[in-house]
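Subject: A structure for you to explore

Hello,

Here is the structure I promised to pass on. Please open it beside this email, and then read on for what was found.

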Amino acid sequence: MTRETIAAAEDSSGPADRDDVPTPPLRPGGYDPGDYAALVVDSAEEAGISALLLMGVLHNEAYKPHHPLLERLWHWWKPEASFGVANMHRATFEQVRRAHGLTGRWKDLRDDPAFAVRAAALHLKDLDGRLPERHVRRYRRDELLALGYNAGERNMLAFARGVPPGPMARSYLRRLRANRPRSAEVLASYAGRGAGALEAATAAPTTDQA
């Protein structure tokens with residue numbers, strides 16, 4: 001983590017900003033979102049969102065290498081690529097930065113996992129504030145928020161009204177559901193709460209549906 005990034009994190013202080021977060025490994029197959037369980041819990045608590053949702057998003061976004069060097073190479077090959085362990089695009093980050101007064105830059109997401117996860121949590125918080133309390137029964141609220149993270153707010157609102165998602169959004173939702181037990185297990189293990197917490201997390205109820 002650079003000195004500038006640490007200073008930015010301190011300026012936008014929050015429980016998730018820390019300088020002891022591990023850098024994703026250079027070997028792509030060695031990356032595990034579970035390594036950031038403590039950061040996910042802190043960031044989710046700060047933003048007032050579900051840690052299970054945030055961990056699920058990290059698992060869904062783990063399809064590409066996240067080491068800073070590899071992300072630089074990815075960005076060279078694809079200039080409009082997203083950055084950080086939560087794969088955030090520049091336009092989305094700029095919205096979050098303005099809404100929450102973040103002093104870090106979009107490119108800092110690449111080198112600072114703590115900043116990247118915190119920005120993702122704040123974005124999910126913003127989406128949650130824009131999602132109506134009532135929505136179609138086929139989705140949990142957290143699923144709609146994850147779809148909003150992936151496909152954008154406008155599509156999230158359409159899905160909430162019952163508009164069928166396209167192939168990419170359906171694939172994202174399938175992976176989110178498949179990753180839910182793994183995400184819950186990681187969080188339960190981190191918290192030391194055992195199987196009861198795992199069962200509760202995987203069976204979290206859908207709220208306020210139409």
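How are helix 2 and helix 10 oriented to each other? Helix 2 (residues 37–47) and helix 10 (residues 167–191) have axes that come within 9 Å and cross at roughly 90 degrees, and the two helices are therefore roughly perpendicular to each other. Angles of 65 to 115 degrees count as roughly perpendicular, under 35 as roughly parallel, over 145 as roughly antiparallel and the rest as oblique. Axes here are lines fitted to C-alpha atoms, for helices over the stretch in contact, and the angles run from 0 to 180 degrees between N-to-C directions.

Before more detail, a word on the model. It is a predicted model, in which local features need pLDDT of at least 70 and side-chain atom pairs count only at pLDDT 80 or more, while totals for chains, interfaces and linings use all residues. Residues are numbered from 1 along each chain as its sequence is written, and side-chain values use heavy atoms, with hydrogens and water left out.

Now the overall picture. The protein chain has eleven helices and zero strands; helices (H or I, at least four residues) and strands (E, at least two) are DSSP runs numbered from the N terminus. Of its 210 residues, 48% are buried, where buried means under 20% relative accessible area, exposed over 50% and partly exposed in between (1.4 Å probe, protein chains only). Among contacts (heavy atoms within 4.5 Å) with a separation of 6 or more, 63% join residues 24 or more positions apart.

Back to helix 10 and its partners. From helix 2, Ala37, Ala38, Val40 and Val41 meet Val186, Leu187 and Tyr190 of helix 10. This contact has seven nonpolar, no polar and no charged residues. The classes work like this: Ala, Val, Leu, Ile, Met, Phe, Trp, Tyr, Cys and Pro are nonpolar, Asp, Glu, Lys and Arg are charged, and the others, Gly among them, are polar.

Helix 3 (residues 51–60) packs on helix 10 at an angle of about 120 degrees, with the axes 8 Å apart, so helix 3 and helix 10 are oblique to each other. The residues of helix 3 that meet helix 10 include Leu52, Met55 and His59. By class, this contact has nine nonpolar, five polar and three charged residues.

Which parts of the structure surround helix 8? Its buried residues pack against helix 3, helix 7 (113–130), helix 9 (153–161) and helix 10. Eight of the eleven residues of helix 8 (residues 141–151) are buried, so helix 8 is largely enclosed by the rest of the structure. Among these buried residues are Arg141, Glu143 and Tyr149. After helix 8 comes Gly152, with a positive phi near 100 degrees.

In helix 9, the buried residues are Met156, Ala158, Phe159 and Ala160, and they pack against helix 7, helix 8 and helix 10. Gly162 follows helix 9, and its phi is positive, near 115 degrees.

Last, the aromatic rings. Rings of Phe, Tyr and Trp (its six-membered ring) pair if their centres lie within 6.5 Å; planes under 30 degrees apart are stacked, over 60 edge-to-face and the rest tilted. The count comes to three aromatic pairs. One of them is Phe93 with Phe115, edge-to-face at 5.7 Å centre to centre and 80 degrees between the planes. Phe93 lies in helix 5 (residues 90–100) and Phe115 in helix 7, so the pair ties together parts that are 22 residues apart in sequence. Both Phe93 and Phe115 are buried.

Happy exploring!
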